[in-house]
Amino acid sequence: MTEANSVKQQRMRAMQGVLAWEGSIGNARVRELFGLQMIQASRLLAEFREFMGDQVIISGRAKALIPTTPVKLKTDVSLDEYARLTKGSSENKDFLFDARVDLTEIDPHVFVQLRQAALTQNGVEIVYASMSSPVPSERRVFPHAIVEVGRRWHLRAWCESRGEFRDFNLGRIHRVMALSVAKAPFTQKDDMGWCTQVTLQLAAHRALSQEQQLVVRNELFAGTMGRRLSVRACLAQYVIQDIRAAVRPDIQIPPDFQIEVSNTKDLASLLF
C-alpha cells in the first residue's frame with residue numbers, strides 16, 4: 001500500500017467514525033478534522049460518499065452526509081478515539097471533556113532513546129527504581145516494545161542482569177544511555193510472555209444482586225453473561241488492574257470491584 005493510499009484509508013476510517021458518533025459530516029467538519037481548504041474538503045467528502053455507498057445520503061442545504069439507517073451504521077472507531085480525533089474542535093470544546101488524570105511524568109529525551117533502541121534492536125543502560133528495588137540502579141536492557149496499559153507506559157525489554165524479559169515503568173526510568181555496539185541477544189519473537197495470548201473470562205461479580213449483575217452485564221458485556229478478552233500474557237495483570245476486575249472475589253468485593261476474572265485457575269502462574 002502506498003503512503004497516499006494509507007493516508008486516504010485512515011481519513012475514510014476517521015470520517016466514518018465521526019459520522020457514526022455525530023450523526024452527520026459535512027465540508028466544515030472535514031476541513032476542521034484534517035486542516036484542509038474548502039475545495040480539498042469537497043473532494044474528500046465526495047470520495048467518502050462513494051466509499052460509503054448506499055449507507056449515506058445527502059441532507060439539507062449544507063449538503064452534509066447522514067447515515068441512511070443510523071442504527072445499522074457500524075464503526076471500529078471507539079468513543080475514546082473519536083474524542084481524541086475531535087479534541088478541541090469548535091463543536092465539542094464546550095461540552096466534551098476528558099477528566100482523566102495522568103500523574104506520571106516521562107522525560108521526552110528518555111522516550112526518544114528507548115524508542116530508537118527498540119527500532120534498532122540496540123541496548124541501553126538505564127537507571128531504574130522499582131517498588132521491589134527502590135534504590136536506583138543501573139541496568140543494561142534491550143527494548144523491543146513500548147506499550148501503554150491503563151494510565152502507565154511500560155517498556156518491554158530483555159534484562160541482562162535478570163536474564164529474562166521484564167517490564168519497566170517509563171515513569172521510573174531516571175536516565176538512559178545508548179550502548180552503541182550492544183545488539184539484542186534476544187528479540188521480540190523470543191519473548192514468550194509477549195507472543196503468548198491468554199484469555200481473560202470476565203463476569204459480573206458474584207457478590208452483586210441479580211439486578212446489579214444485570215446492570216453490569218448491560219454496561220460491559222452487551223447484555224450477555226460475560227466477556228472474553230484476549231491479551232498478551234505479560235500484560236494480563238496490568239489489564240486486570242486497569243479494568244478493576246477481582247481475582248480474589250472473596251476479599252475483593254463490591255462496590256470497589258464490580259466484575260471478576262472467572263478463570264483465575266487457568267491464569268494462576270501469571271496472577272499469583
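Two strands pair if DSSP finds at least two bridges between them. Helices (H or I, at least four residues) and strands (E, at least two) are runs assigned by DSSP and numbered from the N terminus. The model is predicted: local features need pLDDT of at least 70, side-chain atom pairs count only at pLDDT 80 or more, and totals for chains, interfaces and linings use all residues. Residues are numbered from 1 along each chain as its sequence is written, and side-chain values use heavy atoms, with hydrogens and water left out.

**Exercise 1. Describe the hairpin of strand 1 and strand 2.**

Step 1. Strand 1 covers residues 56–59 and strand 2 covers residues 64–67; they pair in the antiparallel sense over four bridges.
Step 2. Four residues lie between the strands, and Gly60 takes a positive phi near 75°.

**Exercise 2. Give the strand order of the open sheet of five strands and find its edges.**

Step 1. The order is 6-5-4-3-7, with antiparallel pairing.
Step 2. Strand 6 (164–169) and strand 7 (173–183) each have a single partner strand, so one side of each is left without a neighbour in the sheet.
Step 3. On average, neighbouring strands are turned by 45° against each other, direction ignored (axes are lines fitted to C-alpha atoms, for helices over the stretch in contact, and angles run from 0 to 180 degrees between N-to-C directions).

**Exercise 3. Follow strand 4 to its partners, strand 3 and strand 5.**

Step 1. Strand 3 (residues 122–128) and strand 4 (residues 137–149) are antiparallel, with five bridges.
Step 2. Val124 is bridged to Val141 of strand 4, and Glu125 to Arg140 of strand 4.
Step 3. Strand 4 and strand 5 pair in the antiparallel sense over eight bridges; here Ile146 has Leu155 as its partner in strand 5.
Step 4. The hairpin of strand 4 and strand 5 has two residues between the strands, and Gly150 takes a positive phi near 65°.

**Exercise 4. Describe the second largest pocket by volume and lining.**

Step 1. On a 1 Å grid over the protein atoms alone, a pocket is an open set of points where a 1.4 Å probe fits, with protein on both sides within 12 Å along at least five of seven lines; lining residues have an atom within 4 Å of a point.
Step 2. The second largest pocket holds about 560 Å³ of space (a volume is the space filled by probe spheres set on the points).
Step 3. Its lining has 24 residues, and His154, Arg166, Asp167, Phe168 and Tyr238 lie nearest its centre.
Step 4. Strand 5 (152–159), strand 6 and helix 8 (236–242) each give two or more residues to this lining. Strand 6 gives the most, with six residues.
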